[in-house]
Amino acid sequence: MMKVGDVAEKLQVPVSWIYDNWQREQIPFKKVGNRLRCRPADLERWIENLD
């Protein structure tokens, strides 16, 4: 599972952008306790569907 910082690095955006936009942009995070996590395959699928 990828952490927010990992996703930000992959997308080349600031971590603050991820926190501000993850719901609106429908980035496929799951809440694990009070933290956000993302499966690498889900993120790749999301990136592919941006176009």
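The axis of a helix, as the word is used here, is a line fitted to the C-alpha atoms over the stretch in contact, and the angle between two axes runs from 0 to 180 degrees between their N-to-C directions. With that in mind, helix H1, which spans residues 4-11, and helix H3, which spans residues 40-48, pack at an angle of about 35° with their axes 12 Å apart. The model is a predicted one, and its protein chain comes to 3 helices and 2 strands, which follow the pattern α-α-β-β-α when read along the sequence.

**The chain as a whole**

- For a chain of 51 residues, a compact globule would have a radius of gyration near 10 Å, and the protein chain agrees with this because its own value is 10 Å.
- Taken along the principal axes, the box that the C-alpha atoms of the protein chain fill is roughly 30 × 20 × 20 Å.
- Of the 51 residues in the protein chain, 31% are buried, a label that is given to a residue with under 20% relative accessible area.

**How H1 meets H3**

- The crossing that H1 makes with H3 is right-handed.
- On the H1 side the residues that take part are Val7, Lys10 and Leu11, and on the H3 side they meet Leu43, Glu44, Trp46 and Ile47.

- Strand E1, made of residues 29-32, and strand E2, made of residues 35-38, run antiparallel and are joined by 4 bridges.
- Phenylalanine 29 has cysteine 38 in E2 as its bridge partner, and lysine 31 stands opposite leucine 36, which also belongs to E2.
- Together E1 and E2 form a hairpin with 2 residues between them, and in the turn glycine 33 has a positive phi of about 65°.

**Two glutamines with positive phi**

- Glutamine 12 has a positive phi of about 60°, although it is not a glycine, and its place is in the loop between H1 and helix H2, the helix of residues 15-21.
- Glutamine 12 counts as exposed because its relative accessible area is 74%, and the cut-off for that label is over 50%.
- Glutamine 26 likewise has a positive phi of about 60° without being a glycine, and this residue lies in the loop between H2 and E1.
- Glutamine 26 is also classed as exposed, because its relative accessibility is 62%.

**Arginine 45 in helix H3**

- Arginine 45 is found in helix H3, and with a relative accessible area of 45% it is partly exposed, since that label covers values between the 20% limit for buried and the 50% limit for exposed.
- Between arginine 45 and tryptophan 22 there are 15 Å in space, taken from C-alpha to C-alpha, while in sequence the two residues are 23 residues apart.

Terms used:
Residues numbered from 1 in each chain as written. Predicted model: local features only at pLDDT ≥ 70, side-chain atom pairs only at ≥ 80, totals over all residues. Heavy atoms only, no water. Left-handed = near helix turned anticlockwise from the far one by under 90°. Contact = heavy atoms within 4.5 Å. Pairing = 2+ DSSP bridges. Buried < 20%, exposed > 50% of the residue type's maximum accessible area, 1.4 Å probe, protein only. Rg over C-alpha atoms; globule rule 2.2 N^0.38 Å.
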